[in-house]
Amino acid sequence: MMMMWKRRKRLSTALTMILIVLVLSSCAGEPMRNVQINPPSKGLIHYLQQDQMANVSDNGYRAVIDTTSTKELQSNEEASIQLQVLDPSGKPVQHFKEDMTKLMHLIVVSSDLSTFEHIHPDYVANGWFHAKVNFPHGGQFLLVSEFMPDNAGLTVYKQWVTVDGKKAAAKKLVPDKQFTQTVDGLQITLSAMPDIAEVRGGDMAMLNFTLKDAATGKFIQLEPYLGTAGHCVILDEKAKQYLHVHAASDMSSGSNVMFHAEFPKAGIYKLWGQFQYKGKVIVAPFVIEVK
């Protein structure tokens with residue numbers, strides 16, 4: 001009964017958001033269309049119809065670190081990490097498909113979520129990938145590997161590693177009170193629908209990033225980043241709930257990037273919006289509380 005109620009609630013929320021999008025499109029002078037007869041191939045409504053918001057699992061695949069060739073990880077040194085992707089039977093995966101222009105995305109975050117890196121390991125052969133990672137301090141770090149093996153679809157494998165070296169003082173994750181910040185000369189504002197204070201676990205939310213030149217206040221023209229207008233990685237404070245969402249192309253413009261996400265449950269979450277401007281990747285972190 002509870003599952004049915006949640007499903008109906010999600011459907012109701014999705015239909016409401018679709019109606020809002022259609023009304024806004026109509027106000028902008030674009031003809032409304034029947035999305036069931038002529039379903040869009042990309043953008044927010046397409047994602048809503050496909051229901052691609054679940055926390056992706058590893059599907060039985062693993063990205064195993066080779067401890068024989070990878071020496072002990074040290075902070076403030078460039079670490080060379082070898083990972084081999086194995087299928088559920090333990091055999092090396094031979095074929096991969098690109099996901100957002102890359103065969104593998106590797107997300108590296110510290111246990112307190114204070115540090116973040118998004119890198120792309122090089123494929124070698126026989127399921128092997130090679131990555132170079134800089135760990136800013138000692139302690140526990142989460143490595144999240146994203147890849148598309150064989151015909152299994154998007155797969156996410158998470159593992160913790162220990163890095164030797166001086167540990168940084170743990171920083172408690174506290175929800176932001178202001179949702180505008182300056183990063184690399186850009187003023188970046190996060191807004192949401194429903195409002196950030198009203199985002200609830202299990203419901204869909206639209207996350208919108210607006211970017212301006214901090215000095216002039218003028219809107220900027222972002223460049224494509226990894227095949228889309230932007231990426232947003234989301235983790236809860238215990239690093240157990242993981243989401244990586246891509247910009248809704250039809251709802252994003254030169255300086256506004258919209259994502260849709262369903263936070264799995266209530267709690268405190270950290271978001272890293274990632275964009276490209278003048279050839280440089282800009283990372284904007286925010287912390288929100290989900291009711």
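**Exercise 1. Find the polar partners of the D112 side chain in this predicted model, then place D112 in the fold.**

Let's start with the side chain itself. The D112 side chain makes a polar contact of 2.8 Å with the side chain of S110. The side chain of S114 is also joined to D112 by a polar contact, at 2.8 Å. Next, the location: D112 belongs to the loop that runs between β4 (104-110) and β5 (116-119). Finally, look beyond four places in sequence, where D112 is in contact with A169, A170, K171 and L173.

**Exercise 2. Decide whether D112 has a salt bridge or none.**

First, note the setting: D112 is buried. Then look for opposite charge: the nearest such side chain is K171, 6.5 Å away. Now apply the cut-off: a salt bridge needs a side-chain nitrogen of Lys or Arg within 4 Å of a carboxyl oxygen of Asp or Glu, so D112 has none.

**Exercise 3. Describe the ring pair F135 and F141.**

Begin with the total: the model has 12 aromatic pairs. F135 and F141 form one with 5.0 Å centre to centre and 65° between the planes. Planes over 60 degrees apart count as edge-to-face, so this pair of F135 and F141 is edge-to-face. Elsewhere, F179, F209, F259, F275 and F286 form one aromatic cluster.

Technical notes:
Residues are numbered from 1 along each chain as its sequence is written. This is a predicted model: local features need pLDDT of at least 70, side-chain atom pairs count only at pLDDT 80 or more; totals for chains, interfaces and linings use all residues. Side-chain values use heavy atoms; hydrogens and water are left out. Helices (H or I, at least four residues) and strands (E, at least two) are DSSP runs, numbered from the N terminus. Buried means under 20% relative accessible area, exposed over 50%, partly exposed in between (1.4 Å probe, protein chains only). Lys and Arg count as positive and Asp and Glu as negative; His and the chain ends are not counted. A polar contact is a pair of N or O atoms within 3.5 Å; within protein, one must be able to donate a hydrogen and the other to accept it, and residues adjacent in sequence count only if both atoms are side-chain atoms. Contact means heavy atoms within 4.5 Å. Rings of Phe, Tyr and Trp (its six-membered ring) pair if their centres lie within 6.5 Å; planes under 30 degrees apart count as stacked, over 60 as edge-to-face and the rest as tilted.
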